[in-house]
2 protein chains.
Amino acid sequence: VLALDVVLADGRLLRTGHRSIKGVTGLDLTGLFVGSEGTLGVVVRATLRLRPAPVAVSTLVAVFPDVAAAAAGVAALASAPVQPSICELLGETAVASLRKRSPLEVLRAGDVLLLVQTDGYGADVEAQVVADVLAGLGGVVRVASDEAEAAELLELRRTWGLDPERRRLIGEDIAVPRSQLVRIVEAVRDIAARHGFSHSLAAHAGDGNLHPSFDVVGPDPRTEAELQEAALVAADELVAETLAAGGTITGEHGVGVLKRRWFTDDVGEDSAALQRSLKAVLDPHGILNPGKVY
Amino acid sequence: VLALDVVLADGRLLRTGHRSIKGVTGLDLTGLFVGSEGTLGVVVRATLRLRPAPVAVSTLVAVFPDVAAAAAGVAALASAPVQPSICELLGETAVASLRKRSPLEVLRAGDVLLLVQTDGYGADVEAQVVADVLAGLGGVVRVASDEAEAAELLELRRTWGLDPERRRLIGEDIAVPRSQLVRIVEAVRDIAARHGFSHSLAAHAGDGNLHPSFDVVGPDPRTEAELQEAALVAADELVAETLAAGGTITGEHGVGVLKRRWFTDDVGEDSAALQRSLKAVLDPHGILNPGKVY
């Protein structure tokens, strides 16, 4: 985001940023408004920097026996000389759900799936490096041989959550250092079991950003209110483990209303107070997206 | 920059950001402190995200008859399917100065030089696309055939300013949309001529970030004070042209003391007032790098 037009709380139109690719004149107000969830002003125009579409893309999946093995693959890619454009992980329940609908042989080779994409002039060579790294760690690798097969593999990621037998009570968006992936996945499993839930997991694993969910499969003796209350307690426990692992409560979707309860635990008292003070400068009467974040 | 430890004006230690690659919890305080030039707090620790060193690098130079032709090359690269890691421009006086010291044949083929580097698994292929684009626009292209030759070409960029006959009075750091490069280079030439100066130019052309300078070559009848005063007026005129071209007064080096005079012209009254209000929250007694930027 190079520049923004923002309507301020008093009705003035503020222009932030610059039209040049580089520019460091004054404070980065553009960055301050980006991700502020409407609490500082109303963005009415954004100037974006575009990148060229990749000249070539290579897609592969690698299947592992469990999350620990797949996470070791993610860690190995992080220290290998590669920069994948996509590195996604699907957990056991997601893979089991896909098996019911997809005939792809590779889904039968293990329970946890990594989907990796490389791009650029050396996409094929880089994908082969990725494949070698993951195969060396026990992954069963399938590199897409053409666009149709690549689309088939990408479709796994797009449709993993479409399981009609599974009802999601709460979906998370936590992010942790990549070294902590296994710890968090194990916490998800333990917490779900303790509360009588099933769970499911997709992760932007290359970024350490996880979307675990606590789910109900089939009938449950609890009332809806009891289920919702238990799901929130489960989420509290997962957030506590995430923060203990050096992570944060939202990797990409924001704080909104639900995550206000964990906001100060995450950023700390001093940061929360400072953020409220900065908001007070821009929104002294609290009229901008009231009730969100703070 | 993923995270910062910042000592605030009242002595508290603030932690911003997160250790995960992604994270959008609350306002981007890390971004607010980065580039604030010490006016909001004292950074005592920074957590940086590292990228892997490139597996391969390809280096080339293209020489053009004039800046307009070279800028057309930069524009063509911007819309070509390439993403160079370096795209630097050296103007006529810089190239003339290099010719005195370097035997490189390509420096005799034209007056304005582009230095381009690509990297990654497809670096060679991408460099050939760059070479074809620039040659198609009349550039005389030389692709380095080995690391020694690449080092020789990079050395041109590193040493362009080392001309003992040339004394720099003021060096600029303006940035403009890439479409405005020629306009600004022509303005530099006109302004220098009007004030009886020589000029020199290097630019991070791929980013639209220019480092023109107003120089004295040989004896000048003016006193040192008269020269400095004239250089500042020349800079005033260049900044006015930069802002009229949609640019900004500093692409990478910051406002500091010298550029305070143009700060409000660049960001506007509303933004300047807002930035002062935000600074007042963090530095109510004005003890942090006083006199800078604002």
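**Two chains, the cut-offs and the values**

Me: Why is B:Lys100 called exposed?

Reply: B:Lys100 has a relative accessible area of 54%. Exposed means over 50%, buried means under 20%, and partly exposed lies in between (1.4 Å probe, protein chains only). So 54% puts B:Lys100 in the exposed class. This is a predicted model: local features need pLDDT of at least 70, side-chain atom pairs count only at pLDDT 80 or more, and totals for chains, interfaces and linings use all residues. Residues are numbered from 1 along each chain as its sequence is written, chains are lettered from A and ligands numbered from 1 in the order in which they are written, and side-chain values use heavy atoms, with hydrogens and water left out.

Me: What makes B:Asp163 and B:Lys100 a salt bridge?

Reply: The definition asks for a side-chain nitrogen of Lys or Arg within 4 Å of a carboxyl oxygen of Asp or Glu. Here the closest N and O atoms are 3.5 Å apart. That passes, so the pair counts. B:Asp163 sits in the loop between α5 and β8 (166-171) of chain B, and B:Lys100 in helix α3 (residues 92-101), so the pair ties together parts 63 residues apart in sequence. Helices (H or I, at least four residues) and strands (E, at least two) are DSSP runs, numbered from the N terminus. B:Asp163 counts as buried, at 11% relative accessibility.

Me: How do you know that A:Lys259 and A:Glu172 are buried or exposed?

Reply: A:Lys259 has a relative accessible area of 6%. A:Glu172 has 4%. Therefore A:Lys259 is buried, and A:Glu172 is buried too. The two form a salt bridge, with the closest N and O atoms 2.6 Å apart. The pair links distant parts of the chain, 87 residues apart.

Me: Why are B:Arg157 and B:Glu88 called buried?

Reply: B:Arg157 comes out at 18%, B:Glu88 at 10%. So B:Arg157 is buried, as is B:Glu88. They form a salt bridge at 2.4 Å. B:Arg157 is in helix α5 (residues 147-159) of chain B, and B:Glu88 in strand β5 (residues 86-90).

Me: How do you know that chain A and chain B are in contact?

Reply: Contact means heavy atoms within 4.5 Å. By that rule 64 residues of chain A are in contact with 64 residues of chain B. The two bury about 5100 Å², 65% of it on carbon and sulfur atoms. Buried area is the accessible area (1.4 Å probe) that two parts lose on being put together, summed over both. A:Lys22, A:Leu27 and A:Tyr121 supply 16% of the area that chain A buries against chain B.

Me: What makes A:Lys22 and B:Glu252 a salt bridge?

Reply: Their side chains meet at 2.5 Å, N to O.

Me: What makes the relation of chain A to chain B that of a two-fold axis?

Reply: A rotation of 180 degrees with 0.0 Å of shift along its axis superposes chain A on chain B (RMSD 0.0 Å). That is the relation of a two-fold axis. A:Gly122 comes closest to the axis of the residues of chain A, at 1.9 Å (C-alpha).

Me: How do you know which surface the copies meet through?

Reply: 100% of the interface residues of chain A are also interface residues in chain B, so the copies meet through the same surface.

Notes: Least-squares fit on C-alpha atoms with pLDDT ≥ 70 in both.
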